[in-house]
Amino acid sequence: MALIISGIDVSKGIAIGNVHLLNRGAPEVFELKLKKHEIKSEIERFQDALDEASCHLRSIQDSIPEDTPTDIAAFIDSHILMVEDSMLRKVPVEIIKKQHCNAEWALKQQYDKLVSVFEQMEDDYLRTRINDVEHVINLIQQILKDKQYTAQIDEQPLKGRIVVADDLTPADTVLMQNQNIAGFVTELGGPLSHTAILARSMGIPAVVGIQDARALLQQEELVIVDGGTGMVLAGVGKKTIEDYRRRQRTQREARRKLRALRDVSARTRDGQRISLQANIELDEDVSALKQSGAEGVGLYRTEFLYIDREEPADEIEQLHAYLRIIRVLKGKPLTIRTLDLGAEKEFDPNFQGPLTQNPALGLRAIRRSLKDTDLFKRQLRAILRASASGPVKILLPMVTSQIELVQSLSILKQAYKELENEQLHFDANIPVGAMIEVPAAALSANILAKQLNFLSIGTNDLIQYTLAIDRIDDQVNYLYDPLHPSVLKLINLTLQAGRRAKIPVAMCGEMAGDTRYTRLLLGMGLQEFSAPPSSLLEIKQIINRSKVSELKKPAMKILNTTVPDRINTMVDALNDQSF
Ligand code: PEP
Ligand code: MG
């Protein structure tokens with residue numbers, strides 16, 4: 001009988017293969033009371049298990065293939081550190097000594113304690129990092145249960161298989177990459193779990209969050225995993241399998257074509273050169289950046305240096321964060337956006353005083369930086385110092401008036417002076433640009449442009465502020481429309497202002513990364529797109545198949561249309577044309 005199960009789609013692609021069931025969860029653990037003379041050998045048994053876990057992880061670390069994304073290696077490094085950390089080396093030993101209990105029970109108690117600490121963390125990403133602790137503790141528990149555990153892991157035949165597991169560890173994913181597995185399905189995990197992150201960066205089709213996957217799917221049975229839709233199919237007929245094989249071939253061919261575009265420049269059929277840059281913020285984006293063919297970073301969001309951590313990053317830590325990206329970019333430009341703090345992205349609970357009624361309209365972004373000039377100057381100094389090592393640009397968020405520019409540029413000058421006095425190097429001609437993300441900025445873009453070296457349109461906020469819809473309020477999401485006539489007019493005004501002032505205008509909001517709008521934006525005259533690394537190759541493909549000269553007229557027609565439904569149809573028609 002055919003079985004179709006739906007899970008969370010975390011890594012695109014179709015895999016067809018036989019099931020290999022894996023159990024990576026913790027074995028059941030019971031409390032045993034020990035006699036006094038048994039304590040010493042129990043502690044030794046525990047320490048041996050830790051050493052074995054460490055040895056196993058180190059051997060995996062040594063076998064990481066060269067082309068493995070850096071984040072996988074980083075996860076394994078962090079697991080090795082955890083095995084060495086006192087939270088796992090010392091605390092359980094203390095528990096064994098105090099409670100006269102077995103190592104498994106002591107470790108379980110320590111795990112429960114750590115879970116409650118992580119559960120209180122506010123940030124989704126940090127909260128999911130309890131998975132790392134869980135993976136390491138499960139490995140130790142398995143070794144305590146069976147000394148041969150790690151040897152068995154290494155011998156599993158996984159080539160071409162669909163691995164179905166309760167959960168997977170980063171170490172598992174390295175083993176799987178070495179053995180060329182076809183795809184995987186897990187019971188646990190969500191889009192932010194590192195199984196998901198790793199699957200995406202290795203390009204392995206994967207579906208997670210299917211609760212009873214190991215009970216529903218049988219060892220060796222043939223299954224289809226569709227990582228694009230989150231579907232897992234078992235017991236289906238020949239026709240369905242053939243159909244999926246066809247889709248798999250088409251997808252592989254499309255991916256091959258896209259990959260081939262990585263080192264090709266973005267140029268329209270009529271010869272217009274377009275710049276494609278990446279938006280990045282977290283470490284996982286850095287390895288994606290390398291594979292995206294990006295010509296630089298058009299938006300580096302720096303809030304992570306301040307929020308969800310105990311202390312904001314100081315100048316040196318910021319400098320190192322920027323230098324890390326500069327090294328990856330090897331001479332390509334890095335556009336660093338100064339802090340977009342404020343509202344829900346505040347790190348200092350005492351800063352704002354009473355909670356404001358409309359945080360999106362409150363002390364955000366450049367307004368926040370200008371209220372705390374020490375904080376702002378510290379970031380500008382770090383950016384300037386980084387500019388001595390590669391091409392760097394400064395991007396100011398949420399500028400609404402000329403006066404904010406004057407104030408920002410004056411603080412930048414102070415930072416110049418300080419660095420000169422300290423004989424520290426920096427690029428004295430560092431380009432400074434502003435995000436155009438409020439209607440006021442778009443309407444006065446021609447005035448702002450006079451003081452700036454570039455503009456960058458932040459459509460996420462521009463749409464929010466133009467249409468008066470809170471971008472994080474689900475109830476008004478349906479009103480969020482990049483094709484709203486007012487939004488298009490403001491984008492057009494900004495592009496015109498850039499052309500008149502002869503300065504580049506980029507777009508770095510989500511709209512720039514959505515292929516539905518690529519041809520319209522080209523027709524309107526956009527020449528610099530900055531988007532998540534994962535969408536750049538598809539955008540490039542569209543650009544390289546388009547002729548700007550032919551797109552201009554229909555784009556102008558769309559701009560002059562005021563009926564939203566009609567605009568949608570016209571954009572579809574524009575995308576269907578062959579020019
Ligand atoms: C934007 O508003 O379009 C933008 C890129 O900034 P953020 O999404 O970080 O607010
Ligand atoms: Mg914004």
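This is a predicted model: local features need pLDDT of at least 70, side-chain atom pairs count only at pLDDT 80 or more; totals for chains, interfaces and linings use all residues.
Biologist: Into which domains is the protein chain assigned, and how many Å separate their centres?

Modeller: Domain bounds come from an automatic or database domain assignment. That assignment gives domain 1 (1-259) and domain 2 (260-349 + 364-576). Taken over C-alpha atoms, the centres of domain 1 and domain 2 are separated by 37 Å.

Biologist: What are the protein donors of the magnesium ion (ligand 2)?

Modeller: Donors are N, O and S atoms within 2.8 Å of the metal (3.2 Å for Na, K and Ca); water is not among the atoms, so sites may look incomplete. At 2.1 to 2.2 Å from the magnesium ion lie the protein donors E437 (OE) and D461 (OD). The pair links distant parts of the chain, 24 residues apart, with one member in the loop between strand 13 (432-436) and helix 18 (439-443) and the other in helix 20 (residues 459-467); helices (H or I, at least four residues) and strands (E, at least two) are DSSP runs, numbered from the N terminus. The donors are therefore E437 and D461.

Biologist: Are E437 and D461 buried or exposed?

Modeller: Buried means under 20% relative accessible area, exposed over 50%, and partly exposed in between (1.4 Å probe, protein chains only). In these terms, E437 and D461 are both buried.

Biologist: Why is helix 20 described as largely enclosed, and what covers its buried residues?

Modeller: Eight of the nine residues of helix 20 are buried, so the rest of the structure largely encloses this helix. Among the buried residues are T459, D461 and Y465. Contact means heavy atoms within 4.5 Å, and the cover includes strand 13, helix 18, strand 14 (454-457), helix 21 (485-501), strand 15 (505-507) and helix 22 (510-513).

Biologist: Against which elements do the buried residues of helix 16 pack?

Modeller: Helix 16 (residues 373-386) has 14 residues and reaches 20 Å from its first C-alpha to its last, close to the 20 Å expected, a span defined as 1.5 Å times one less than the number of residues. Because 11 of those 14 residues are buried, helix 16 is largely enclosed by the rest of the structure. Its buried residues pack against helix 14 (315-329), strand 11 (334-337), helix 15 (365-371), strand 12 (392-396) and helix 17 (402-421).

Biologist: How many aromatic pairs does a search of the whole structure find?

Modeller: Rings of Phe, Tyr and Trp (its six-membered ring) pair if their centres lie within 6.5 Å; planes under 30 degrees apart count as stacked, over 60 as edge-to-face and the rest as tilted. By this rule, the search finds three.

Biologist: What geometry does the aromatic pair of Y300 and Y322 have?

Modeller: The ring centres of Y300 and Y322 are 6.1 Å apart, with 85° between the planes, and the pair is edge-to-face. It links distant parts of the chain, with Y300 in strand 10 (residues 297-300) and Y322 in helix 14, 22 residues apart. Y300 counts as buried at 3% relative accessibility, and Y322 counts as buried at 0%. The geometry is edge-to-face.

Biologist: Why does the pair of Y416 and F426 count as stacked?

Modeller: Y416 and F426 are both buried. Their ring centres are 5.2 Å apart and their planes are at 10°, so the pair is stacked.

Biologist: Over which ring does the charged end of K393 sit?

Modeller: A charge sits over a ring if NZ of Lys or CZ of Arg is within 6 Å of the ring centre and within 35 degrees of the ring normal. The charged end of K393 is 5.3 Å from the centre of the ring it covers, that of F454.

Biologist: Is K330 buried or exposed?

Modeller: Most residues other than glycine have a negative phi. K330, which is not a glycine, has a positive phi of about 45°, and its place is in the loop between helix 14 and strand 11. At 74% relative accessibility, K330 counts as exposed.

Conventions:
Residues are numbered from 1 along each chain as its sequence is written. Chains are lettered from A and ligands numbered from 1 in the order in which they are written. Side-chain values use heavy atoms; hydrogens and water are left out.
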